[in-house]
Amino acid sequence: MKKTNKAPVARIIPKELEFHNDLRTDNYFWLNQRDDQNVLDYLTEENDYYQQETQHTKDFEKSLFEEMKARIKEDDSSVPYKYNGYWYIVRYEKGKGYPIYTRRKESLEAEEELLFDCNKMAKGHAYFRLVGLSVSPDNTMISFGMDLTGRRQYTLQIKSLITNSIFSDAIENTTGSSTWANDNSTLFYAKKDEQTLRSNEIYKHKIGDPVTDDVLVFREEDDTFGAAVYKTKSRKYIVIACYSTLTNEFHYLNADTPDENFKLFQRRVRGLEYSISHFENHFYILTNKDNATNFKLMKTPETKTKIENWVEVLAHRTNVLLEDIDIFKEYLVISERSNGLNEIRIMRWDNTQDYYLPFDNETYTANTGTNVDFDTEILRFSYNSLTNPASVIDFNMRTKAREIKKEQQVLDPNFNKNNYTSERIWATAQDGTKIPMSIVRRKDTKLDGNAPLLQYAYGSYGSTIDPYFSTIRLSLLDRGFIYVIAHIRGSEYLGRDWYESGKLLQKKNTFLDFIDCTKHLIANNYTSKAHCYAMGGSAGGLLMGVILNEAPELYNGIIAQVPFVDVITTMLDDTIPLTTGEYDEWGNPNDKAYYDYMKSYSPYDNVKAQNYPHLLVTAGLNDSQVQYWEPAKWVAKLRTLKQNDNKLFFTTNMDAGHGGASGRFESLKEDAQEYAFLLDLEGVLD
């Protein structure tokens, strides 16, 4: 292909799209054809243009990558956890980008058993991911899922841990996860629809039988639901979970009798959300029953699972979100969120203890960790903050003694956590709502309006971005950047209502909150318009697309990672992966009210002739969540309408999907590219 510094110009082939008597013309609809050579050529042309235009930053990118990599301990390992008589450990070796899975019988001094060396398995593949490791109850077999494209269509296989050979059974197009019945010969797994990639069928496989003989035990007929299968922590039940954005339904089966039929736990009722855990002779249910917006905990006997038998254990609280529970033989551990902050509550079943773990600042993250052992008084949890590296802590729930099992090492002789400071501040949105932000910077970075600032948010699906430590982020902080996480509506940072007020016909709150946070930061001298940057990915990329159209003057540069920007066309196409399951998040555009509302903010439909900030857009050719053509079409349209000469770069990873490159360090190259883009705009190339 001829090398040129001229920006690519996509062919205009108008396609009229009419719905609800509304006519839209999509000049770049032809880019939807993944296998069309013209499409691949265009994506390659964009990649070439990006490489040419950023040639002057390549040495800096490499040094950033090496800098980021150098902070990470290469010969590292996870904190061991014990399950069913074995200690399980994931370790990394120096110079290798993939994990090695091992175990040791009974003692950490026992001989190491190699389960998988992903470095060997990944050889010859541009992309590799191993997921869903599940060991049989007798410890002799392990099932696993493997993805070689990044499209999250996993091949499920089984390995003998006696002979170290992989069985011939290869089950295609699964979720990658599976669960064993207690007979050590029956495996349950979920398959995906070939086209939509919706997880909709649960199968039963017998070891030694041909895959073609696998029995379909459940099919989810509602195309707004998905289905999954797992075993309770008590190991007594196999559970099929049917899920949508607003509604759940479960089916259960005694794991000792895998050939019996699953029983319905509680039929789905639109708007009724619940999840189940098992302990002794009861199921424990986390649910929003009876308008418990922030959820409450209930229980019911194993033999009487219908909703009329549920009895309250922990009442609903309007100011505390009940997020999860961990059940132990003598303790119940509750993960809560109060005023945006993680809290961990510990209760003895006999009511002799009830207390919270103490945490002492406003910019931290604390979560329960891998707690597979049922009969223990040790709770494993993780803790980190914007200024403190992550720790894995074993907490004795009886004595309250803490043991730090591992603290994240930052292999940088110049790193001192005392050089950084964090805070939580609140902006006022246009409707008067207070929006929290978590902020970190070096103490010597002045708040005089001249500091570069990167503002990040997601803001959808109730997914909350907690303030967390990042070794990668140090490359920005040490060069004078301030980093901000905006806890906008659409997350559950301030409870379930915070999410509800940032979805469907209130989705614009998400976008306006972000813009109002930016205005607050500028007004209070954290930064200025000339030094303000924003970044978001996927649904957060939609956020970037909206602020780009609505408030371009506030930002010098924006990074949109795998952005969901062609909202109307995608949500009208129920053959695209994930679309039907998204109706409860964005609305169903077959309803004109939702169509009109979506159209009013959809980034692709609202590109206009105006000045735009510098922009870097990324995509993955095999992305199953945001199809590559959304950002491709968006960039093509932006090129024709933007009125200034600011940079507009679009780069597609031709070997990966939604999560970007695989491998421990390959993803750092993408981080280095993004940081080089930002720092170049600030005139910093060292």
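This is a predicted model: local features need pLDDT of at least 70, side-chain atom pairs count only at pLDDT 80 or more; totals for chains, interfaces and linings use all residues.

Biologist: What is the span of α6, and what is expected?

Modeller: Helix α6 covers residues 508-523, 16 residues in total. From first C-alpha to last, α6 reaches 22 Å. The expected value at 1.5 Å a residue is 22 Å, so the span is close to expectation.

Biologist: Which residues of α6 are called buried?

Modeller: The label requires under 20% relative accessible area. In α6, N509, T510, F511, D513, F514, I515, D516, C517, T518, L521 and I522 are buried.

Biologist: Why do β1 and β2 count as paired strands?

Modeller: Pairing takes at least two bridges. Strand β1 (residues 15-19) and strand β2 (residues 22-26) have five bridges, so they count as paired. The sense is antiparallel. K15 has D26 in β2 as its bridge partner. The two strands form a hairpin with two residues between them. In that turn, H20 has a positive phi of about 55°.

Biologist: How do α1 and α11 cross, and which residues meet?

Modeller: The axes of α1 (residues 37-53) and α11 (residues 629-641) come within 12 Å and cross at roughly 65°. The crossing is left-handed. Y42, L43, E46 and Y49 in α1 meet A632, V635, A636 and R639 in α11. By class, the residues of this contact are six nonpolar, no polar and two charged. E46 and R639 are charged because Glu and Arg belong to that class.

Note on methods. Residues are numbered from 1 along each chain as its sequence is written. Side-chain values use heavy atoms; hydrogens and water are left out. Axes are lines fitted to C-alpha atoms, for helices over the stretch in contact, and angles run from 0 to 180 degrees between N-to-C directions. Helices (H or I, at least four residues) and strands (E, at least two) are DSSP runs, numbered from the N terminus. A crossing is left-handed if the near helix is turned anticlockwise from the far one by less than a right angle, and right-handed if clockwise. Contact means heavy atoms within 4.5 Å. Buried means under 20% relative accessible area, exposed over 50%, partly exposed in between (1.4 Å probe, protein chains only).
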